[in-house]
Amino acid sequence: MSRSRLISSVFMMALTALCVIYDIPFIGLVVLLTAGGLYEFFYMVRKKDVPIYSYTGILIGLLIPISIFTHFEPTKNWELLFIVIGFLLILFMQFARKDNRHAILGLSTTLFGVLYVAWFFSFLVKIRLMLPGIEGIKLLGFILLVTKSADIGALLIGSNFGKHPLLPKVSPNKSVEGTLGAVLVSACTALVFRSFLPSTLHLPFWQIFFMGTFFGGLGQLGDLSESLIKRDCGVKDSGKFLPGMGGVLDIIDSLLFSAPAFYLYMSSILTLK
């Protein structure tokens, strides 16, 4: 691990730990990362000459986590209705354009960006608000630790023992050994921090181990998905948010799949209990 990457990682971990605890810094960081992730996504897509509505997409995307945090929910699943309204707005904007070539591509790509970055990432807000007070904070801390520990495991194990490429056409630097190491580290992290889960669940060790394996694996899938987007757009890093770590999407990509799945899983078992 390079010196700049190590310093950036420590800074980001300290900042995240601080923001997770306090309400205003938490939503502020979520909004900042959502805006940065959307900007980077639309910037990469523009390299392919896709006629997207980047600023409108960013505005719609920012309102999703804010509306969840402020409990602005006039209807159930309000954020989905909001996304539909946003799509209609983009559609009307397309009607006003003189050039309608690639209209479907522009509309679908803009909406995909909002769903992929803003909506998926906003599940972190839902996880924090799922349980009151410190219980919600611990629940969010659990999925953050499990997911990001996989990134560290993949980097350390893959760089030292990786010999077999995983998907060289998508991400040449990822190896089978690194991915297996990532999943194993996530499973161990889940066991170490099992006290962060609600005590009322009484989950057995094997189930917590499986949770760590599953959500760590989803995190690696999220990382591969972003690599696929970057490869298609012809860029190495999504941006230059932090030295040695790349852009915002490079930082949050592993959470984009693990956070929604963890929220749905915890919602189901908490309901059953």
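I take helices (H or I, at least four residues) from DSSP runs, numbered from the N terminus.

**Entry: ground rules.** I am working with a predicted model, where local features need pLDDT of at least 70 and side-chain atom pairs count only at pLDDT 80 or more, while totals for chains, interfaces and linings use all residues. Residues are numbered from 1 along each chain as its sequence is written, and side-chain values use heavy atoms, with hydrogens and water left out.

**Entry: confidence.** I looked up pLDDT, the predictor's confidence in each residue, from 0 to 100. The protein's mean is 85, and 94% of its residues reach 70 or more.

**Entry: aromatic pairs.** I count rings of Phe, Tyr and Trp (its six-membered ring) as a pair if their centres lie within 6.5 Å; planes under 30 degrees apart are stacked, over 60 edge-to-face, and the rest tilted. The structure holds 15 such pairs. Phe 112 and Tyr 116 are stacked, because their ring centres are 5.4 Å apart and their planes are at 5 degrees. Both residues lie in helix α5, four residues apart, about one turn of the helix.

I checked exposure next (buried is under 20% relative accessible area, exposed over 50%, partly exposed in between, with a 1.4 Å probe and protein chains only). Tyr 116 is buried at 4%. Phe 112 is partly exposed at 40%. Beyond its neighbours within four places in sequence, Phe 112 is in contact (heavy atoms within 4.5 Å) with Phe 41 and Ile 229.

**Entry: a second pair.** I found Phe 215 in helix α9 and Phe 262 in helix α11 (residues 255-272), so this pair ties together parts 47 residues apart in sequence. Phe 215 is buried at 1%, and Phe 262 is buried at 0%.

**Entry: helix α4.** Which residues of α4 are buried? I listed Trp 78, Glu 79, Phe 82, Ile 83, Gly 86, Ile 90 and Gln 94. They sit on the same side of α4, because they cover an arc of only 165 degrees around the axis (the arc of the directions from the helix axis to the C-beta atoms). On the other side, Phe 92 and Phe 95 are exposed. What covers the buried residues includes α3 (54-69), α5 and α6.

Entry: Most residues other than glycine have a negative phi. His 202 is found in the loop between α8 (176-192) and α9 (205-233).

Notes. Helices (H or I, at least four residues) and strands (E, at least two) are DSSP runs, numbered from the N terminus.
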